[in-house]
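User: Hi, I'm new to this one. Could you walk me through it?
Analyst: Happy to, here it is.
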Amino acid sequence: MSARKRLAKTSGSIAAGTLAAVDANPTFDDGYVLSRDGETCLAVGDAVYVSFRWEIPRDAGNIVQGDSARFTVGFVPRRCSEE
């Protein structure tokens with residue numbers, strides 16, 4: 001089974017709601033540690049897939065026309081400790 005399929009079975013949302021609500025969530029103040037099957041260390045060749053999804057309600061009409069949203073995503077790789 002590929003890593004992508006394995007991740008699809010175990011992954012889920014870490015946040016939901018409006019962009020403003022997610023931004024205000026203190027969970028992300030110091031970053032968010034990604035893990036795969038509970039493991040935060042990746043071996044050579046391992047991968048973690050990250051995606052973002054948001055929707056505009058169908059009944060929003062043209063009220064959002066011209067609006068925008070910005071966010072920054074950063075990744076800080078760290079060496080795994082030797083055990």
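Analyst: A term to begin with: helices (H or I, at least four residues) and strands (E, at least two) are DSSP runs, numbered from the N terminus. This is a predicted model, where local features need pLDDT of at least 70, side-chain atom pairs count only at pLDDT 80 or more, and totals for chains, interfaces and linings use all residues. Residues are numbered from 1 along each chain as its sequence is written, and side-chain values use heavy atoms, with hydrogens and water left out.

User: Great. How many helices and strands does the protein have?
Analyst: There are two helices and zero strands.

User: And where's Leu-34?
Analyst: Leu-34 lies in the segment that follows helix H2 (19-24). Its relative accessibility is 35%, so Leu-34 counts as partly exposed. On that scale, buried is under 20% relative accessible area, exposed is over 50%, and partly exposed is in between (1.4 Å probe, protein chains only).

User: How much of the protein is buried?
Analyst: Buried residues are 2% of the 83 residues.

User: OK, switching to Phe-28. What does Phe-28 contact?
Analyst: Setting aside neighbours within four places in sequence, Phe-28 is in contact with Ile-14, Ala-15 and Val-22. Contact here means heavy atoms within 4.5 Å. The C-alpha atoms of Phe-28 and Ile-14 are 9.9 Å apart, and the two residues are 14 residues apart along the chain. Phe-28 is also found in the segment after H2.

User: Why does Phe-28 count as partly exposed?
Analyst: Because its relative accessibility is 24%.

User: Is Tyr-32 buried or partly exposed?
Analyst: Tyr-32 is partly exposed, with a relative accessible area of 42%.

User: Last topic, salt bridges. Which residues form one?
Analyst: Glu-55 forms a salt bridge with Arg-53, and their closest N and O atoms are 2.4 Å apart. A salt bridge needs a side-chain nitrogen of Lys or Arg within 4 Å of a carboxyl oxygen of Asp or Glu. By this rule the count is one.

User: Are those two residues buried or exposed?
Analyst: Both Glu-55 and Arg-53 are exposed.
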